[in-house]
Structures are given as structure tokens and as C-alpha cells.
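Work through the two exercises below with the sequence and the coordinates at hand, and try each task before reading its solution.

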Amino acid sequence: MKISMMWYARKILMKKAKQKLFPTIRKTKIEEIKISLDNIRVAPSPRFSISDLARQTCVACGKSDIEILRYPAFKSQVFAGLVLASCKICGFAWVPIPKFPLDDYYKHHYADDFRVERVINAKFYSPENPIWTLSTHKVRDRAKRHVKALEVLGPVKRVLDLGAGEGLFLHFFDADEKHAVEPDKNSVRILKTELNVSVEALGDRTDYFDLVQCSHTLEHFTYDNIREILEKTLRTLRPGGHFHIEVPRGAVQLAHFTAGKRGRTHRLEPHTLFYSTESLLNLLDQAGFDIKEASVCGWPRPSTSLKKLQKRYPETALMQTPWLTVLARRPQRG
Ligand SMILES: [Zn+2]
């Protein structure tokens, strides 16, 4: 009892000291939170047509055994009030709004709400950027991990980073030609002016790339354009070229969030697609890719179509990793 009272008194004293030391910072933060809560409170609430929802089929497995749930964790007005459709058969989930308008979101809200470090006056690749000296940095360390993992491919002449962000992967990766697809205005500026990367649209080139790198990007597309994106990716690769993907384990994340097991720093926005191993492999298979390696997401239902895929690709290495990763390949003839 005594200890807990002392602990409580110490906590109050520390809080007061902090308030004294950082009054403006504290006030600004509270104001910011109030404004963002107010924005969400007055956000428009989209209407969903019951018949549209009822007509949905899973683009990953073609089944229509679907549940509807609210979007479990949002930050901006755009995602407040959304719902998700989730396939009970393969674990795939998506925002079931046809032509969900994301272009404006990625050009403006995303840059300002999530990736504020891109909006700096100094150059991103200048030595002053703390990203180079921090002991850990999620995006930097991920880029380095992918460069290391892709050493198995040997020398790569032409690489395309689909959803390159500020280009950390391209910065670390050794290739003769570096290209990027990226909508965010601040990232495009960094890619062009600091890395001399060619920023273009997916599908501008056919039969061209040895490797398409796609890290934490496929979850940002929509259910009505994901198949087209994968087909375009296949065609932009040269025959035999590789497609390396990493996405969050969306099906597992959704299961946790809907069960109320949400970590304090965990968020889902702005993800519009949620993958299980099975749904991602199904989509790649439908687009015409051969699958070489895949990690297992842990989607808990017994999965007959995953077993079918394993039979079809007996040489696929199935690994347990914290992420959903796949190495796929455009067939030599295809
Ligand atoms: Zn499905």
C-alpha cells in the first residue's frame, strides 16, 4: 500500500515537472488530438447498398461466403465509418466500395498524416537526416533486409520498385537501372531529385524488368484493381523475371483486432486489402505467376486450396516469418 502511494505521488510530481518544463509542447499535442478527434466526429458516414454488399464475391478465391465488419482502427476522416468485407473461406478482406477514391488520399492525407518525415526542408538523403544514425528504423531496416534476401538472385540489371516510398530499397540495392512507381508527391520529389530514379506508371514498359520489388504496397490497392495490378506487373517483367512481395499478415491482424486484442501502437489505416497466404498465392497464381517461396500467415482455417497450391508448386519453400513474403516469377514462356 505504502509503495503504491509513494509511486502514485512520484508519478504526480513527475507529471507536474514535465508540465512545467514542456508547457507548450503539451498544449500543442492536446490541441492536435482535439482537432483530429473533431475532424473524425464530423466525418461523412458513407452509405452502403445492401444489394451491392450481397453481390460481392471474393476476388482471391471466387467464393461468396462473406462477413461484413466495421473498419476496426482508423486515423483519418477518409477511413472513419468504413466497413470491411471478409471471406470466410480464404481469409482475404477488403473495403467493399467500388472505385474507392484513394488517389487524392495518397497525394495529400497520407503524406501529411503518416509520413511527415518526408516533408522536410533538408534533403532526405543528407547526412543530417537522423534515419542514418538511429539504432533501429523500421523502413530503413526493412529495405536492408530485402536487399540481403535478394542476393540469391545474383546481379540484377533492371529493377522496378512498386510503391517505392522515398526509395530506401533502391538506395541500398545495386542495379544498372532503377525505376519506381510512387504516387506520393514528396516521395516523387526525393526519388527524382536525390536518387535520379525514373518515376513512371506501372505498365509503361513490357518484358523489361529483371525484378519488381513490392514492399508493403499490395495492401494499399482495392479489390476492383488488384487483379489488374498483378497482371500489369507480370507483363512488365521479362520472362523469368522475379516479383518479390512483402505485406502485413492482414488476415491475422484482422482476427486480433476484431477480438479486441489491439496493441497501443497498432493501426490498420490506410490498408484497403488484407491477405492470408492462401489469398495472396491464389491471386498471384491467377495472374500467371509461378510461386517459388512463401511465408505462412497462420490463417487458422483448414485450407484445401492452399494444399492444392502446394501440390501445384511442390518446390515452393514455405517459411514462418513475421510478415507475409512471397518470391514469385514470371514463367519463361508466358
Ligand atoms: Zn476468399
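The exercises concern a strand and its partners, and then a helix and its packing.

The model is predicted, with local features requiring pLDDT of at least 70 and side-chain atom pairs counting only at pLDDT 80 or more, while totals for chains, interfaces and linings use all residues. Residues are numbered from 1 along each chain as its sequence is written. Helices (H or I, at least four residues) and strands (E, at least two) are DSSP runs, numbered from the N terminus.

**Exercise 1.** Determine how strand E7 (residues 209-215) is enclosed, and how E7 pairs with strand E8 (residues 237-247).

Solution. Start with burial, where a residue is buried if 20 or more other C-beta atoms, placed from the backbone, lie within 10 Å of its own. Seven of the seven residues of E7 are buried, so the strand is largely enclosed by the rest of the structure. Next, take pairing, which requires that DSSP finds at least two bridges between two strands. Strand E4 (residues 156-162) pairs with E7 in the parallel sense over three bridges, and Val-159 stands opposite Leu-211 in E7. E7 and E8 also run parallel, joined by six bridges, with Phe-209 opposite Leu-237 in E8.

**Exercise 2.** Find which residues of helix H9 (residues 250-258) are buried, and what they pack against.

Solution. The buried residues in H9 are Gly-250, Ala-251, Gln-253 and Leu-254. They cover an arc of only 160° around the axis (taken from the directions from the helix axis to the C-beta atoms), which puts them on the same side of H9. Using contacts (C-beta atoms, placed from the backbone, within 7 Å), the buried residues of H9 pack against strand E2 (83-87), strand E3 (93-94), E8 and strand E9 (273-274).

Note on methods. Buried ≥ 20, exposed ≤ 12 C-beta atoms within 10 Å, placed from the backbone. Contact = placed C-beta atoms within 7 Å.
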